[in-house]
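My entries follow in the order I worked.

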Amino acid sequence: MAMEAKKKKKLKVVTAAGAVVALAATFVVLLLSASPLEPILSWSNGYRLQTRNWWSEPSSQPLEWRPCRWWSQHSASAEKSNGFIIVECAGGLNQMRRDFCDGISVARLLNATLMLPRFHTSNYWNETSGFADIFDAEYFIQQMKGFLHVVKELPPYLASKPPVVVDCHKRKPFDYIETVLPVLLEHKLVIINPAASQRADRYPIWAKATRCQACFKAIRLVNHLESKAKLILDRIPRPFVALHLRFEPDMIAYSRCSYQNLSSSSLEAIEAVREGRPAFTGNLADNWRRRGKCPLTPVEAAFILQALRLPTNIPIYLASGGGLLEKDGFMKVYSNTYEKKDFLDTQLLKQLRGNSKAAIDYYVSLKSDLFIATYFGNMDKMVVADRSLINTGKTVVLNRKVFAEAISQGLNGSHLAYRVWQTHKALLDNGNLLPLPDCFCHSNAGQE
């Protein structure tokens, strides 16, 4: 009961009218520091504060996205199967989901029967769960009927036969018909990792339609994970923002970016996973950052959100992994910030591993009133597409390139904030100008 009382005290609903009042109160002190990333407390230099109701309808007529007509008018799946394909997937949940989607189109391209995928176990991700532990396998199989034959188990004559593994990484460009199909026809059972796929936009329509169906219609969470995500949605104040804040050690190491003013513990965590990927230096580092290749720090993300006039007391759900660095810098500005631990009890959290947590974050992001991504990665691309499909709220991806270029030009304070605002304004008004997979067409442009 004490925990519930504590949560209720923290969970104060911010109404649209209240958000506007809070926004006006936020920007009341003149920015005194020359640092470009001090929290913005007022606008100057002729840029007057304009209140913004984030929950109002878009100011201009938005484009409506719908599944393209060719998706629903696909050709039926092949009657004769050339064999069985198993897709091996590694990495985090959304990376594995991406690879699985690619593998699905390959299976249809080769007229193969698809086995449910193998999700690799990972010590880094603290993960041992498979596809059926996260996603509803029966639902997936049913939804793929007419597109692709999917099975849970191999027939007896293949069950004891070792599969042939085809390395799809050694050849670029990689052609599945030339390389994999002969092996499939001979051995009838092939394992692939489709990370080096040939360009999917060159696939036949029926293979592309199969991929669209699998990625955006056939995948849903198992009941126990969806119920936990719904519990969060029931308890969090509305309206709220789901923020996918990416600043984990492995991501920073992979980007090969360096950062100043990080804590010693953050720097140590990053260096521990560099693994032969030292940070770029000199002109290469400057050019890399100006191209928008470096993840935003939580402090940078907070600055941009303020520049976009997002009230600092708005409820924000952090859709981020447990390894998020420097989050205190964000929460100093946006203190009304929540995580899974604020809504799910300790015992339940202990039962959740990496993929389960990522799946819950995905569902909450999908159903949020506003979704903001600081990095357009695997999860963000899928959330953007799924939100467009169900027409859920506004979606914003922060522009790292413009932000980095403005700083390199010496902009700071309100000058920097104004550049950020101008860059994002059209997206804020429409909420749907983001790139989507070719599965989707503009319905009001007659492209369904």
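I took a residue as buried under 20% relative accessible area, exposed over 50%, and partly exposed in between. The model is predicted, and I kept that in mind throughout.

**Entry: Asp369 and Arg238**

I started with Asp369, which has a relative accessibility of 25% and therefore counts as partly exposed. Its side chain meets that of Arg238 in a salt bridge, 2.9 Å from N to O. I then asked where the two partners lie. Asp369 is in the loop between α17 (354-367) and β11 (370-373), and Arg238 is in the loop between α10 and β8, so the pair ties together parts 131 residues apart in sequence. Arg238 is partly exposed as well, at 33% relative accessibility.

Next I checked the backbone at Arg238. The peptide bond from Arg238 to Pro239 is cis, with omega near -5°. I placed Pro239 in the loop between α10 (223-235) and β8 (241-244). I noted the bond since most peptide bonds are trans.

**Entry: positive phi**

Arg256 has phi near 65°. I found Arg256 in the loop between α11 (249-255) and α12 (264-272). Asn261, also not a glycine, has a positive phi of about 65°, and it sits in the loop between α11 and α12.

Is each of them buried or exposed? Arg256 is partly exposed, with a relative accessible area of 26%. Asn261 is exposed, at 77%.

**Entry: other salt bridges**

How many salt bridges are there? I got a count of 15, taking a side-chain nitrogen of Lys or Arg within 4 Å of a carboxyl oxygen of Asp or Glu. I looked up two further pairs and one network.

Asp102 forms a salt bridge with Arg211, and their closest N and O atoms are 3.1 Å apart. Asp102 belongs to helix α4 (residues 93-109) and Arg211 to helix α9 (residues 205-216), so this pair ties together parts that are 109 residues apart in sequence. Asp102 has 16% relative accessibility, so I logged it as buried.

Arg246 and Glu248 meet through their side chains in a salt bridge of 3.2 Å, N to O. I logged Arg246 as buried, and Glu248 as buried too.

I also followed the bridges that share partners: they join Lys327, Glu339, Lys341 and Asp342 into one network.

**Entry: α17 against α18**

I came back to α17 to see how it packs with helix α18 (residues 378-390). The two pack at an angle of about 40°, with their axes 9 Å apart. Why did I call α17 oblique to α18? Angles under 35 degrees count as roughly parallel and 65 to 115 as roughly perpendicular, so the angle of about 40° makes α17 oblique to α18. The crossing of α17 and α18 is right-handed.

I listed the residues that meet. From α17 they are Asp361, Tyr362, Ser365, Leu366 and Lys367. From α18 they are Met379, Met382, Val383, Asp386, Arg387 and Ile390. By class, I have six nonpolar, one polar and four charged residues in the contact of α17 with α18.

Technical notes:
Residues numbered from 1 in each chain as written. Predicted model: local features only at pLDDT ≥ 70, side-chain atom pairs only at ≥ 80, totals over all residues. Heavy atoms only, no water. Helix = DSSP H or I, 4+ residues; strand = E, 2+ residues; numbered from the N terminus. Buried < 20%, exposed > 50% of the residue type's maximum accessible area, 1.4 Å probe, protein only. Axes fitted to C-alpha atoms, helices over the stretch in contact; angles between N-to-C directions. Parallel < 35°, antiparallel > 145°, perpendicular 65-115°, else oblique. Left-handed = near helix turned anticlockwise from the far one by under 90°. Contact = heavy atoms within 4.5 Å. Nonpolar A, V, L, I, M, F, W, Y, C, P; charged D, E, K, R; others polar.
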